[in-house]
Amino acid sequence: MAVTEEMVYDAIKTVIDPEVGFDIYSLGLIYGVKVEGDHAHVTMTLSTRGCPLHEMMKQWTKEAVEKIDGINSCEVEIVWEPAWNVTMASDEVKKALGAF
Amino acid sequence: MAKNLATDMAPPFILVAHYFIAGAIFYAFTAFLLPFYAGEVNGYFLSSSIASLMHLYLLGFVMMVIFGAMYQLVPVVLEIPIFSKDFAYVQFYMFVSGILIFTFGLWNENYTQILPYGAMLMYISMLIFVANVFLTYRNITRWDIVAKFILVSNIFLTIGVTIGFIIALNLIYGFYPDILDLVQMHIATTIFGYVIMTIMGIGMILLPMFSLSHGFKQTAIEMAFYTIIIGLALFLVGTFFKLNILKFGGVLFSTVAIFFALYQMYLIFSTRIRKQNDFWAKNMMASFATLIVSFFILLAGVITKNDTYYLLFGFTLFFGFFTFFVVGHIYKILPFLVWYQRYSPLVGKIKVPMLNDMVDEKVADSQFWITLIGLLLAISAIIIKIPLIFQIGTVIMGIGTLLVIYNIYFTLIYGIEELKNYNEGLKDGSN
């Protein structure tokens, strides 16, 4: 069975930011996912540049995606443009953070 | 492959823990001593016993935690590894011994046989620290405002500790008659040039990170950066050459710089997404409020030339602004360090805690209010000159300190038992 982008997003939803307490998909940190055969490419950002969790988040995302049957490798690219803001987060996150 | 900035480049957890644990012990020690200073509320603010306590607190707690935090943050913020981790260990042991010997010598008024040795140890340890920072900067490629603040604050630290060491030598040899001028330059460069500039710089990383603030302009902090450099330079030249107009200009520029920085912090807080006023946010608000109050007290001192205001200024700045800022960040940085050490290898394998779980929030919240009440009582006691109230206030502040220590312990031991069971389960195959 071919791996779909939805399956990759589901895997990414298991990665939690331990500071904020939400998964990185709900936080709106994932900008895009591409699947080509057994390779996945994830484009994401972080809420703050200079965050000590920078490399760990990248690594966790890569590991979570590579656990999917049918994915052999995953490349995670961190971008800073467009800069993250809370409008990118899910309503649940916005509500929990008090952003509403 | 990109380096793992938080691990490959930064010193190991145990090194940063050295600084944080020593900082906590010095914090407790100062809290214990503070009530015994009740009689000083009627005294002269530059007594050697007050200077001893202030050094114990500033060096042992505030700067100790800042040094530890800098070893963790500099590689992440500047995206380059620390020049030498070994330097950091050597610095730590020399710094701790230096503080103990120096403050004991100062308290004992033994300026010739004890104090100079402590001063020398501390001076060398600080030079090791700044050398480590300067050598780290050789490979820097990203020159943002935080990098500029850290660099310039360390230049001021070099100047400040050199003046401090000259003061120590002057106490023996008496080669410079105006020791008060040296003391003023020492205070300006270490407290404003190093501690406050460092707080301004790393505040630009820590405050937006913990409050999730975005979209604010940085013009105010850039203005603060340049005005504080001009202010301190004018103050130093004016004091050294006894040109009061330059000295006054220096105070004015430095004050404007602080208010630019405060405005920047306001901009960050006004755009924060995390609206909950948790223990961190409360500590930050109290720290900036006490900073503002302390400057109005200083202004009153300059206008009235009344020593009580200078004592009050120092007390509010040290035990208000510095305490709230440092304690607030201990609650954030220490859980991260412990979490990283203990749980990051287990992400995806077991349910890992959130960073906030590693702080006893109720205790942290109570600690904030207790410390604030104690501080307000102690400040009132200095104003109305009633030693008993000062004693009550500082004992209450001491209870707050004990609660901070409890939370540090809570964080340090968090999950040890659970992980021990997990690892035993791995060995016998049940996990």
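Let me start with helix H8 of chain B, residues 219-240. This is a predicted model, so please take everything I say as computed. H8(B) has 22 residues and reaches 32 Å from its first C-alpha to its last, close to the 32 Å expected at 1.5 Å a residue.

Chain B has 14 helices and zero strands. The radius of gyration of chain B is 22 Å, close to the 22 Å that the globule rule gives for 431 residues, so chain B is as compact as a globular protein of that length. Along the principal axes, its C-alpha atoms fill a box of roughly 75 × 50 × 50 Å. Of the 431 residues in chain B, 48% are buried. If you take the contacts in chain B between residues at least 6 apart in sequence, 76% of them join residues at least 24 apart.

Next, a helix pair. Two packed helices are described by the angle between their axes and the distance between the axes. For H3 (residues 48-78) and H4 (residues 85-107) of chain B, the angle is about 170 degrees and the axes are 8 Å apart. Angles over 145 degrees count as roughly antiparallel, and that is why H3(B) is described as roughly antiparallel to H4(B). On the H3(B) side, the contact is made by B:Ser48, B:Ser49, B:Ala51, B:Ser52, B:His55, B:Leu56, B:Leu59, B:Gly60 and B:Tyr71. H4(B) contributes B:Ala88, B:Ile99, B:Phe102, B:Thr103, B:Leu106 and B:Trp107. By class, this contact of H3(B) with H4(B) has nine nonpolar, six polar and no charged residues.

Is B:Ala364 buried or exposed? There are 24 other C-beta atoms within 10 Å of B:Ala364, and the cut-off for buried is 20 or more, so B:Ala364 is buried. Leaving aside neighbours within four places in sequence, B:Ala364 is in contact with B:Phe279, B:Tyr331, B:Val359 and B:Asn407. B:Ala24 lies 340 residues from B:Ala364 in sequence, with 15 Å between their C-alpha atoms.

On to chain A. Its secondary structure comes to three helices and five strands, and along the sequence the pattern is α-β-β-β-β-α-β-α. The radius of gyration of chain A is 13 Å, close to the 13 Å that the globule rule gives for 100 residues, so chain A is as compact as a globular protein of that length. The box filled by its C-alpha atoms is roughly 40 × 25 × 25 Å, along the principal axes. Buried residues account for 45% of the 100 residues in chain A. Among contacts in chain A between residues at least 6 apart in sequence, 58% join residues at least 24 apart.

Last, where the chains meet. The contact takes 20 residues from chain A and 25 residues from chain B. On the side of chain A that touches chain B, the largest share, six residues, comes from helix H2 (residues 54-66) of chain A. By class, that side of chain A divides into 10 nonpolar, seven polar and three charged residues.

Methods:
Residues numbered from 1 in each chain as written. Chains lettered and ligands numbered in written order. Predicted model: local features only at pLDDT ≥ 70, side-chain atom pairs only at ≥ 80, totals over all residues. Axes fitted to C-alpha atoms, helices over the stretch in contact; angles between N-to-C directions. Helix = DSSP H or I, 4+ residues; strand = E, 2+ residues; numbered from the N terminus. Parallel < 35°, antiparallel > 145°, perpendicular 65-115°, else oblique. Contact = placed C-beta atoms within 7 Å. Nonpolar A, V, L, I, M, F, W, Y, C, P; charged D, E, K, R; others polar. Rg over C-alpha atoms; globule rule 2.2 N^0.38 Å. Buried ≥ 20, exposed ≤ 12 C-beta atoms within 10 Å, placed from the backbone. Expected span 1.5 Å × (residues − 1).
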